[in-house]
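Hello,

Here is the structure for you to look at. My notes follow below it.

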Amino acid sequence: MNTIGIVGTGHVGAHCAYALAIQGLADALILLDTDEKKLRAEVQDLRDSTFYYPHRADIRPGTYSDLRDCDLVVISVGGITEDENRLSELRQSDAIIEECVPRIVEAGFSGIFLVITNPCDIMAARVRELSGFAPSRVIGTGTGLDSARLKEVLARELGVSHKSLECFTIGEHGDSQIAPWSCFRIGGQSLERLAAVRPEVYKKLDRAAVLQEVKRAGWVVFAGKHATEYGIASTLAALVRCILHDEKQVLPASVWLNGTYGEFGIYAGMLCRVGRQGVEEVYELPLTEEERRGFQDSCRIIRENLAALENS
């Protein structure tokens, strides 16, 4: 049986549970939350829909000790703040992470941590530090969601299915992320090549405006309904599928950097191969000098905020 624990059943955690159940990715889901009333309500609502799932799913509330035999534990505690600054969530999120991660490890959990809690890159680093797990077994959703947003915007602008686009963002899951346009491909063709062939479509693409729309997407959602749910739940489900099915798919996620572009000791969004053992390989892309500087600046921001947390 594939058993997945979800710590935190707010808007994000509850939707992640539903995405995993409705896609048939979990045989058992164990949900934890400090709000017992909310937890019972989410479990009941999920159970009410089990008849229509692809297969039977055992969904139940649990305690930390129940996470011992889970294959994966999703950390979705905390919540987004209203000042449009993910980093303002830093101390609040860290306090919760510091409380729950040691208890999960003490319970005997030895699977893979998937971290959604924002700021995602910093919280992934903290989960690795507090758990003592190998970096390959702690993965943040990172720029996976941002990359999906990038594909959606470009599909609209270029009139091509998002499934035919090879593009992504890397770096911080936040305002300093970059889109390495030099690595963009449609049918194996670069933007420069496409612009030369069809300038009326590709040459007029406003890359800065596209990236800005991607960065703003989460705040647009939050302004309208005070939570982001479907996009991040789908991102999480994609990672879970790669791990449980040992797909070895290459996709963007927040991973431990050990020399990538000279960066060490932090988590940041990069392309990586994901399988049953977690992160199996991190890919260093052939960035331009400008893109490399942008990525390093993004890593500097992550590092500075991590240091500020450690010194607070």
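Which elements do the buried residues of α3 pack against? They pack against β1 (3-7), β4 (72-75), β5 (112-115), α4 (120-131) and α10 (289-311). This is a predicted model, in which local features need pLDDT of at least 70 and side-chain atom pairs count only at pLDDT 80 or more, while totals for chains, interfaces and linings use all residues. Residues are numbered from 1 along each chain as its sequence is written, and side-chain values use heavy atoms, with hydrogens and water left out.

Helices (H or I, at least four residues) and strands (E, at least two) are DSSP runs, numbered from the N terminus. Helix α3 covers residues 90-106. Its buried residues (under 20% relative accessible area, 1.4 Å probe, protein chains only) are L90, S93, D94, I97, C100, V101 and I104. Just after α3, G108 has a positive phi of about 105°.

Strands β10 (residues 263-275) and β11 (residues 278-282) pair (at least two DSSP bridges between them) in the antiparallel sense, over four bridges. A hairpin of two residues joins β10 to β11, and R273 stands opposite E281 in β11.

Regards

Conventions
Expected span 1.5 Å × (residues − 1). Buried < 20%, exposed > 50% of the residue type's maximum accessible area, 1.4 Å probe, protein only. Contact = heavy atoms within 4.5 Å.
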